[in-house]
Amino acid sequence: MAASPGPAGGAAAGAVHGSGPFGLAFDSGLEIKTRSVEQTLLPLVSQITTLINHKDNTKKSDKTLQAIQRVGQAVNLAVGRFVKVGEAIANENWDLKEEINIACIEAKQAGETIAALTDMSSLNRPESDGQITIFTDKTGVIKAARLLLSSVTKVLLLADRVVIKQIIRSRNKVLATMERLEKVNNFQEFVQIFSQFGNEMVEFAHLTGDRQNDLKDEKKKAKMAAARAVLEKCTMMLLTASKTCLRHPNCESAHKNKEGVFDRMKVALDKVIEIVTECKPNGETDISSISIFTGIKEFKMNIETLRENLYFQSKETLSAMLDALLERTEDFTDSAYTSHEHRERILELSAQARMELQQLISVWIEAQRKKTKSIDEELELAILKISHSLNELKKELHSTAVQLAADLVKYHADHVVLKALKLTGVEGNLEGLAEYACKLSEQKERLVETCRLLRHVSGTEPLEITCIHAEETFQVTGQQIISAAETLTLHPSSKIAKENLDVFCEAWESQISDMLTLLREINDVFEGRRGEKYGYLSLPKPMKNNANLKSLKPDKPDSEEQAKIAKLGLKLGLLTSDANCEIEKWEDQENEVVRYGRNMSSMAYSLYLFTRGEGPIKTSQDLIHQLEVFAEEGLKLASSVQAFSKQLKDDDKLMLLLEINKLVPLCHQLKAVTKTPSQNQVFLKVDKSITKTRCIMATLVQLLSLCYKLLKKTQMENNRWVSVTNKDSVDGKT
């Protein structure tokens, strides 16, 4: 496929020439066109609402009248563009043509009405005394604005149905071509059909990429990204697996290998349709078990309601919830890979949670019988105790899963088993194949189980889906590697069989690498650095213009340059850790200084990942954007710190201003570096940028530390002043 759908998703970078079902080029996109016009219309309608709410007795200057007229004309022009898009859609979709055309006519009428009512060009002439305007017919303009919003919404909803139909049609074309590929026996015919299949997959990638970007539900977005990732990787697997089958038609393992790819692609295609149509085949429901972290969150919410209402929950419900929650911890305690220390601690904390629930229930029953202050205090204490135990259990489960995964990924980073399988295949060593296939199966089972444990502690639904995707990938790819290795062992001189095994091994290695990123994201959510509460500023969507395709290709420095960038990045990574340590000291995590500092640390961390060839930043264009936002965030931080300095004494204020005076020039220098043309010297630009970012992060660490100390000092002085004042007032009374 043309684009790689990462965790955050993304539309395909390039444009596909030709027209879609409604006569619009794919690189413009139906949703892009309709939504861009919608975004133009809504602020203008908002301006009209402001005009409607004007005071009748206010004097209308020429400037005001001209502004009113410009708004009306702008709305009418935007409506005109919107209607053209709507009519283009209608002409290519006969089943919806009548509905779309009616909505377009309504929008056009509303636009013309607004333009007429805001036409102030002849208002001051004597002969225009009878002219109807926004000042004389407020009801008319209100109706027109409502009609406009209603008709725009109708067109957008109908356009959404068109997009869904287009994705379904594209999927059906892909499936039909896949059926032909499954049955083909002639190599020349296969090449011809696969070429068509490739074009259809590119079209499907564009359509689903645009849809993924427009999804608001993060869970659906993650599911779409996972399905598209499967299709992308399987397209290459399908090519080599099919070629191997054609070259060795009587080889059972080759056919098994190919069938596995086809089956996985069909499942992924069905998942995409489930997401865009929001329905399951044959009325199925999502029966996947809830994660432990989600269960803990829900249980804590339920016990906290007792503070407000003693009768809102039943004792049986809470007991059943805790039993179900602790039953899922058996995934950890029953695992052969969990250490004895972790197992004992999990069992101990589970028993403690059960005991504290019983204590809570007895206090709760007493509180229902008699309402006193002492009982309220006991209930509060019981709630806090069980909450604390569950938090400790969360920490232990997180530590267990992450440690297991980190050790496993580190142990298999050199891919010894894969290398051995390739070697036994080339040598035609069947005994060696059996030995290393067994070792890979053991590795696969351990990775699959680790992914299940990680899912329990992932913390967010999108990360849960990523864990499920990783689990499925290891499960399927592990078996496919063994069948591909068997084919090569039976045909050791076959180049295509060797190439096929290489492709499946690369997919495995890629998933191991993705596990590292997944671990970091799970850690970040657990520690509050990222996730639902504190998300770092995201990268822009890839552009959809052929002129930008070259700039979107990743820039690959040579090994020496890469080593230098990695060294710079390592120091940057250490500075982000220092900054996070300083941030964690603050009690008020919503403080502006903390918020900007956290954003800068998160962005610096993604820059550090870039130096390792990982994370969300893939190209020099992405890097420049992130650096610009990072510099802006630094200037905002400087402004907040300056505001804080006004509360300080002269000496302390001077210390803080000296640090600010270091930060501001560095941020401006970084912005200047990003705007400097690279002239094919991308490495030098990256080198300067990372170096400058390191200087900013070093200053940030100093600034956060100093601000924290001065804040504590100010609070202590204020408290001392309050206590002295109170003492004086008491002495005065005496």
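How many cavities of 30 Å³ or more does a search of the whole structure find? The search finds five, where a cavity is a set of points, on a 1 Å grid over the protein atoms alone, at which a 1.4 Å probe fits but cannot get out. The structure is a predicted model, in which local features need pLDDT of at least 70 and side-chain atom pairs count only at pLDDT 80 or more, while totals for chains, interfaces and linings use all residues. Residues are numbered from 1 along each chain as its sequence is written, and side-chain values use heavy atoms, with hydrogens and water left out.

**The second largest cavity**

The second largest cavity holds about 60 Å³ of space, a volume being the space filled by probe spheres set on the grid points, which are joined across faces, edges and corners. Its lining, made of residues with an atom within 4 Å of a point, includes Lys233, Cys234, Arg264, His469, Thr473 and Gln511. Helix H6 (218-247), H15 and H16 each supply at least two residues of this lining, and H6 gives the most, with five; helices here are DSSP runs (H or I, at least four residues), numbered from the N terminus. By class, the lining has five nonpolar, four polar and two charged residues, where Ala, Val, Leu, Ile, Met, Phe, Trp, Tyr, Cys and Pro count as nonpolar, Asp, Glu, Lys and Arg as charged, and the others, Gly among them, as polar.

**Aromatic contacts**

Across the whole structure there are six aromatic pairs, meaning rings of Phe, Tyr and Trp (its six-membered ring) whose centres lie within 6.5 Å, with planes under 30 degrees apart counted as stacked, over 60 as edge-to-face and the rest as tilted. Two of these pairs are set out below.

| Pair | Centre distance | Plane angle | Class |
|---|---|---|---|
| Phe474 and Trp508 | 5.1 Å | 70° | edge-to-face |
| Trp586 and Tyr708 | 5.9 Å | 55° | tilted |

Because Phe474 lies in helix H15 (residues 461-490) and Trp508 in helix H16 (residues 495-526), their pair ties together parts that are 34 residues apart in sequence. Phe474 is buried at 1% relative accessible area, and Trp508 is likewise buried at 1%, where buried means under 20% relative accessible area, exposed over 50% and partly exposed in between (1.4 Å probe, protein chains only). Trp586, in the loop between helix H18 (559-585) and helix H19 (592-611), pairs with Tyr708 of helix H22 (residues 682-733), so this contact links parts 122 residues apart in sequence; both Trp586 and Tyr708 are buried. Elsewhere, Phe187, Phe190, Phe194 and Phe197 form one aromatic cluster.

Charges also sit over rings, a term that requires NZ of Lys or CZ of Arg within 6 Å of the ring centre and within 35 degrees of the ring normal. Lys394 lies over the face of Phe293 at 4.9 Å from the ring centre, and the charged end of Arg595 sits over the ring of Tyr596, 5.6 Å from its centre.

The structure holds zero disulfides, a disulfide being a pair of cysteine sulfur atoms within 2.5 Å. Cys467 is buried at 1% relative accessibility, whereas Cys438, at 43%, is partly exposed.

Finally, His415 has a positive phi of about 55° although it is not a glycine. His415 is placed in the loop between helix H12 (373-411) and helix H13 (416-427), and it is buried, with a relative accessible area of 15%.

Conventions:
On a 1 Å grid over the protein atoms alone, a cavity is a set of points where a 1.4 Å probe fits but cannot get out, and a pocket is an open set with protein on both sides within 12 Å along at least five of seven lines; lining residues have an atom within 4 Å of a point.
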